[in-house]
Amino acid sequence: MSAEFIKRFRDDRKYFAIVIFILFLIFISGIVTPILLENKKDKWDEQLSDKILNIETSVNSIFEKREAHLLSVSENLRGDLRRVLIEPAATYGSLIRLINSQKYSAYSIEVLAPNGKLIAWNDNIAVKQEDLLPLSYPAGEAHFYRSDLVTYLTVTDTLLVENDQFYYLISSPIEKHYTFQNNYYKNVSFTQELSNKFFTQFHIDYNPFASPSRDGRKYSFDLLNNKSNKIGTVTFLKPSLEYSLNSLKTEAAQIQSILAVLLIFFIGLGFRREFQSLKFRLLKFFIFIIYCAIFRAITYFSGFPTNMFSNHLADPSYFSSTFGGGFVRSPVEFFITVIFLLLIAVKGFSYSLNYLESPDSSRRFKYLKFILIIPLIILFFLTLRGLNASIRSIIFDSTLRYFKEPELIPSLPALAMNLNTLIFSLSVILMLAIYVLLIISFLRITSSKKAKLYFTILFIAFEIFGILSLHLQNTPLITPVLSLVIIAVLFLLVYQICFSDARIRIYNYVYAMLAASVISITLMNYFNLELERESLKTTALEINRSNDNLLKFLLSETLSNVAKSEELKQSFFLRHSNYDAEAFILWAGSSLQKESLNSSVTILDKNLKQTGRFSVGIDDELKYLSGLIDKTDTLQVVQVNPDSTKEKILLIGLVPITERGIVLGYVSAAINENILNVEGDNFPEFLESKKNIINSVIDPEQLKIFEFSNNKLSQVYGDIYPSLDQIKPIINSDFSMDNEAWIYLSLNGENYLTYALKSTVDGQQKITSVSVLEKNLSWNLFNFFKIFIIHSIFILLLFILIFISQIKKFKYSFRTQLLIAFILISVIPVIVLAIYNRQLVKEKTQSAILEELRNQTDVVENHFKAQINNEAERDLDKIFKHTAREVGISFSVYEGTTQIFNSKEEYYKNGLFNDKLDPEAYYQMDYLNYREFLDKEKIDNYSYNTFFKRVDLLNRHLIISVNDAFNKIRLTYSVVDVDVFLFGIYSFAAILIIIISTLLANRISLPIRRLTKATGSIAHGDFNVEINNDQKGELKDLLDGFNLMTRELQKNQIELAELERENAWKEMAKQVAHEIKNPLTPMKLAVQQLIISYKDKNKNFDKMFSKISSTLLTQIESLNQIATEFSRFARMPNYKMEEIDLLPVINDTANLFLDENVEINVKAELDSAAVESDKVQLRRLFINFIRNSIQAHSSKIDITVSKMESSAQILISDNGTGIPKKYQGKIFESNFTTKEKGMGLGLKLAKRFIESTNGSVELVESSEKGTTFRIIIPLLKNKTEKEV
Amino acid sequence: MNFLGVLLKIILVTFSFILISISAFSQNKHPEYKESKERGVQLRTFQKQREEFNKQNERAGEIINQIKTAISKNDIESLSAHLSAQTYLNLPNGISGYYSSNQAYFVLEDFLKTYRMISFGFNEINTSGNNPFATGNYDYEFKGKRGSAHIYLQLRNSGKSWTITQITIN
């Protein structure tokens, strides 16, 4: 019974066993989940204690690992330092290089001499010099050190070198107390790491004296160091039952969703055999589409795999569209959808090609097909519009700015979206190609002798239809030129598909991908231009968004959050708090940074005296604080008009910081907003928020913004101050219902597209206009290459994948050798050139930066010297301050290693930047006496260049430094811009080189391949082969010689055959004579004996007569036997019967004609067709039929092998001139031929051979449009054929 | 197949295509087209409609209440009906910037799903002027952690009705 049951799950049916198992698992998970939930509820108290204990143990373990790692690095450092300090040849440079090496770049290292002086340090100084000694913790003991902005895990240790005790500190950041919302910020937070890991709120007090929380909802424990001393306290919110239950439910749902996806997958596998046995391609295709649609729907509704992703790929902000009910709601969902779409497109494409190649395709439903052409054309243009709309959505419904990605290889979401766009475009391009191929087939263009001419006519017709269809659309998405380009690229692809070599058809997918890439980038570029136009509107909206209501909200929100800050309250109790750092922490964590607003945060003591401050783009707002002093007990926000106008808004607020009702101090915050902050000019790049509303689409430098109040120009952004005539078109614009207008402005002889938005603020009419110059071609080329670099990687990957899949068929042929040689010769120089040019550009860029910073330093130095000469009473400090105010360049001045002045002192006072001289600069300028030095420095992920120069002022040796973090340097082209052009052009060139090399290798090796094939044909007995010779030079001579040789061989073969036949006849005659003679002699003797007996009247005559008659009859019988034997010998050739597979025989035979001017399509509906026959005779038979077709001027021959009852049916159809009706009955007769040189034996012999194998051959039909023969050969019964 | 035959076929297909396309594409009228057709008429009655807009100002409060209900019920469908073509979103999960209505739908849906609302309400609603706004508090639970944020909602008159131009939750 069980054996019977198991038998049911053989072959594809085995997948149903998996399906049943998955169903069982789903059922079980449905039952088990509620039980687990109930169990969790019942035993929660017990589990909670375990969970808390588990969290405590895990946190300790995580911390111990981190601590152990730091101690191990410290040990390594000790060894390295000892080596450097002991080595006689070691220099100070070796020490600086060691601690600034990549190996220690993640740590802050400080080395102190035995006298306690700091002698070496690296870029990140953690511990302030005044806190270094005396050591707060014993040597070798890990502890926390809180700097102004960061808490470090630190180890201090000693190092004995020749009786001198050196000290060194190594620190690793563990908690940053400030946060930015931008791409440069590198988050380091042990608290956040734990909160995310254990799904509960953590708080860590990095203080050995911290006390545990008294809140019953929280749990606290001590954090111990490597010497088991308390160095901090960890407090966390006890896990909640509700969250645990929800987590369990989510996990169960995720498991069920994976099971559901697996279920549908295995159901599909289980029905594979049934699917494959379906005869109608169209039906199969529709079933495949339905299966894919169901599969996709189940993955979508089960949340698989989106729920498994918690990164950017599942973030709808990168791309989401409501199209298809949310099937493309994030990059990962879009990816899954396009994969299914691609599967459908590839299947459809493959079915279409099979259909087009099948012999019946051009014969059935001729008129219906002709009618179908029109819907196909309409479908083509609707699909094309769908492609345009989708690419538009990819640009518009995404925050990704594909053409403005800062790096050559974009971020993961942009990379994923580029891949999605390419796959989607490829799918649509394949669909469009299917429509065109079907139309070509229905019009029977490729089977025509003027195929290429008709193809060109069809192409022109489509171009005209494209333009017509755009005119017919109410809202065309693209321009006629774009339509022309897209259709041209598409027809190039279709041409390649129609007229390419059948064996390399798989590479058509590479061509299709290339076409998809070109079309999709062209469309992306076009819609990006549209988006840029649209961004003018967004910019105007953004300027108008920042109204006083919003600013008031942001200020109130900032101050109310500040009032709750426990850290700020604690700082009021500490003696040496750095309030500048506290102000910066408050500002960085507020909406003021998030919105990149000109703003400030000021900390005041309880007497309203300033103690700390951080500001960007705002200076003297505190003078308006007097308006708030009257009511200091609550949060207040007021609006003031600094210039007594309504254009500039200044909002200032104040909030008291209280603890148990006692005022500890105050915090004031202010915002100053106007359109001049569009670019965020006041913001250093590392502080700018990632919001980048305007930056994200268009370069703000290109914008010209004008604001009008009551039709009078009130504010201008940009380098053009327009005249009255120039702004008239804006004021007189015809504003729509939405109070907006689009116009063209002529400014300085150039055309600017302008968006104007009208609004009313406090009774005043306000117009905001934003203009941008029209784009030029080079910019568009930049955009094209920017995306093409990414696409080319995917195209090359596909090429490599196809190449690997075809590796079994790979031959190291003459063509392959040529191809490899071409590619090597052309691609290697391209790569070398690309690398060289990139290096060159990098160096040029670096020297341009150096030059610019040097110029700025010179300006600063000259200004110093001018003041020394002209203003003798000024001391250096005054000189520095004057210079900072007057030259508009940010700079620092050092004396020794100490910073004595900085024009951006707020960034140094709060601890964001080190005020110690860069160690490399110190070494280069102080030890090696260089006058100038350029160094690359970093703050989080932001890199900048700093230029140092030694100067002597008033007999003091100073160092001036200028960096590009505070002094923005505008380069004509950045390294990334040049990379895009270089690698874009080179990758495009590489792909073109590969294509051209392939074509050239094909062309050059063509005569050799023809020669090889022809030689093979001759070896198989086909002497009718002749190579078309359109070559020149030696190749012409070679091919002519070959053709001559073939003709001679053929002639000799005929003569030889005749000679052989003659000899055979002679031999046979001899044999016959010999064999006949044998019985004739006894017969003659017997008859002579009988005559003698008769004449002698022998009395035994009767007896003798009877005996002799018997002898004669025996001999006559013998003669008869001999005659029969010879007859049989003459009739039956000696066939070598064996079991063979028909399909390889037919394919091999067809391959012999690959280089003939005929297209032979072999199509088999069977995997194999085993028959008993003579392989050589069978091959000869097919050669005969194919040669007959070629001689009947056929351009296409279709050979179809199918199963008919228990036999194999082979249909051979051609499109030749056909057999005239009067001859159709005679073709299988001996000596019948219509050819000049024919013997009339071919078909007769073929028929005789096939009939000898119990098969049959017949003429199915023949007309002037072609001929079809049917051959039936019995299949071997014991063999099971697998149907496709 | 001769040249003339193919040419005739192509001409026949072209005419048929034009005839069928005219009806096919004209049925596929874009809403903006209808809008632009209506725009001419609307401009003529600009003054009259301005008065209507002033009346619509009164509807702003009503719309803010609808938005409040939608957020309270986690009803993204109702909320999305009030989104502008470009809505500025600033949310605690790092979302910040202008989003198309398509994107805003899913961005807000994701936010409301992951930052599960515990309590929500507006404590100030101002419907006067060109930019009606509301401010309030949004208390949430995110991955087992509770948090509290301030919410700022701003509307803009888009010609026909009030739409959300900004949602800031900090």
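**Stop one: a pair of helices**

Select residues 1142–1151 and 1175–1191 of chain A: these are helix 30 and helix 31, whose axes come within 10 Å and cross at roughly 45 degrees. That makes helix 30 of chain A oblique to helix 31 of chain A, since oblique covers whatever is left after under 35 degrees (roughly parallel), over 145 (roughly antiparallel) and 65 to 115 (roughly perpendicular). Helices here are DSSP runs of H or I, at least four residues, numbered from the N terminus. Axes are lines fitted to C-alpha atoms over the stretch in contact, with angles from 0 to 180 degrees between N-to-C directions.

Now show the side chains where they meet. Helix 30 of chain A brings V1145(A), I1146(A) and T1149(A), while helix 31 of chain A brings residues including L1178(A), F1182(A) and I1186(A). Contact means C-beta atoms, placed from the backbone, within 7 Å.

A quick note: this is a predicted model, with local features needing pLDDT of at least 70, side-chain atom pairs counting only at pLDDT 80 or more, and totals for chains, interfaces and linings using all residues. Residues are numbered from 1 along each chain as its sequence is written, and chains are lettered from A and ligands numbered from 1 in the order in which they are written.

Next, pick L432(A), which touches F380(A), T383(A), L384(A) and L490(A), leaving out residues up to four places away in sequence.

Definitions and conventions
Two residues are in contact if their C-beta atoms, placed from the backbone, lie within 7 Å. Helices (H or I, at least four residues) and strands (E, at least two) are DSSP runs, numbered from the N terminus.
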